[in-house]
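Here is a colleague's note on the model, written as numbered points. Please keep the structure open beside the text and find each residue as it is named.

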Amino acid sequence: MLLRPATPLSILFFAAFALLLLSTISTPIIQAIPLAEFNGITYGVFGYCTTKGCSDLGIGYTTAEDDGLFDSSSDFDLPSGARHTLSAILIVHPVAAFLALVCFALAFAAHFHAPSHSPRYLMILLVLIFPTLLVSLLAFLVDILLFVPHVAWGGWIVLAATVVIAVSGVVTCAMRRTLGAFDSISFYPELDYGWSERRTRKVLW
């Protein structure tokens, strides 16, 4: 059985979703997945953990003064006030993960005959990839601005997910161009040049 073009596309989107999901369930949900680490404090999307315990789950960091989370003397590039404001934008991580999940579902559906032979369907997927890529890139930029120079592996996997989504967009474009070429041949047989004799739609899709 030949590998369908939608299969590697589905794998790419699933990988991107898995990476973004890992970053979303970072500290304090799973303390082993920090977006950043500094001075005994681990940071995540919905909170942080110190040696005294973890914060409650929430959007944006709320901290006691003795935690030192936003101490102006701490070794971060941005001022403490700016970091406090940016912490609320970490909510883009679950948004990016959700969009990647939707893209994965659409890519998986492309295994079926009707979607895989529809240029319009692939165009819808391609259009959805663009905001997914932007939101994922925004999530990574927020991590960098908020935590540099103490970004941990939980932050870098967001960059990996962004790259995977970009590659998925290229694969989707290639699928749509290939389908468009076969549609042109079906309407203009003189453009075939023997291609249909070598590979048919059934083999490709």
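**Notes on the fold and its contacts**

1. Start with His150. Leaving aside its neighbours within four places in sequence, His150 is in contact with Leu35, Ala36, Glu37, Phe38, Asp75 and Phe76. The residue itself sits in the loop that joins α5 to α6. Is His150 buried or exposed? Its relative accessible area is 16%, and the limit for buried is under 20%, so His150 counts as buried. Please bear in mind throughout that this is a predicted model.

2. Now the overall layout. The protein chain contains eight helices and four strands. Along the sequence they come in the pattern α-β-β-β-β-α-α-α-α-α-α-α. Of the 205 residues in the protein chain, 42% are buried. The accessible surface of the chain is about 10700 Å², and carbon and sulfur atoms account for 70% of that surface.

3. Contacts across the sequence deserve a remark. Take the contacts in the protein chain between residues at least 6 apart in sequence: 63% of them join residues at least 24 apart.

4. Look at one pairing in detail. Strand β2 covers residues 41–43, and three bridges join β2 to β1 in the antiparallel sense. Glu37 has Thr42 in β2 as its bridge partner. Glu37 is also one of the residues in contact with His150.

5. Helix α1 can be checked for length. It has 19 residues, and the distance from its first C-alpha to its last is 27 Å, close to the 27 Å expected at 1.5 Å a residue. The buried residues of α1 are Ala6, Leu9, Ser10, Phe13, Ala16, Phe17, Leu20, Ser23 and Thr24. Viewed down the axis of α1, these buried residues fall within an arc of 150°, so they line one face of the helix.

6. Which residues does Ala6 touch, not counting residues up to four places away in sequence? They are Ala107, Ala110, His111 and Met175. Ala6 and His111 are 105 residues apart in sequence, and their C-alpha atoms are 5.8 Å apart in space.

7. The largest nonpolar core has 27 residues. Leu9, Phe13, Leu20, Cys103, Leu125 and Ile129 are the members with the most contacts inside it. Helices α1 (6–24), α3 (92–109), α5 (119–147) and α6 (153–187) each supply at least two residues of this core. The largest share, eight residues, comes from α5. A second, separate core has 15 residues, including Phe46, Tyr61, Leu86 and Leu90.

8. Cys103 touches Phe13, Leu125, Leu128, Ile129 and Thr132, not counting residues up to four places away in sequence. Thr132 is in helix α5 and counts as buried, at 0% relative accessibility. With its neighbours within four places in sequence left aside, Thr132 is in contact with Ala96, Leu99, Ala100, Cys103 and Ile165.

9. Ala105 belongs to helix α3. Its relative accessibility is 44%, so Ala105 counts as partly exposed. The C-alpha atoms of Ala105 and Ser10 are separated by 7.9 Å, although the two residues are 95 residues apart along the chain.

10. Last, consider Ile29. Where is Ile29 placed? Ile29 is in the loop between α1 and β1. It is partly exposed, with a relative accessible area of 43%. Not counting residues up to four places away in sequence, Ile29 touches Thr24, Phe46 and Leu57. Of these, Phe46 is included in the second core. Ile29 and Leu57 are 28 residues apart in sequence and 8.0 Å apart in space, C-alpha to C-alpha.

Technical notes
Residues numbered from 1 in each chain as written. Predicted model: local features only at pLDDT ≥ 70, side-chain atom pairs only at ≥ 80, totals over all residues. Heavy atoms only, no water. Pairing = 2+ DSSP bridges. Core = buried A, V, L, I, M, F, W, Y, C linked by side-chain atoms within 4.5 Å. Buried < 20%, exposed > 50% of the residue type's maximum accessible area, 1.4 Å probe, protein only. Contact = heavy atoms within 4.5 Å. Expected span 1.5 Å × (residues − 1). Arc of directions from axis to C-beta. Areas by Shrake-Rupley, 256 points an atom, 1.4 Å probe, with all protein chains shown as cover.
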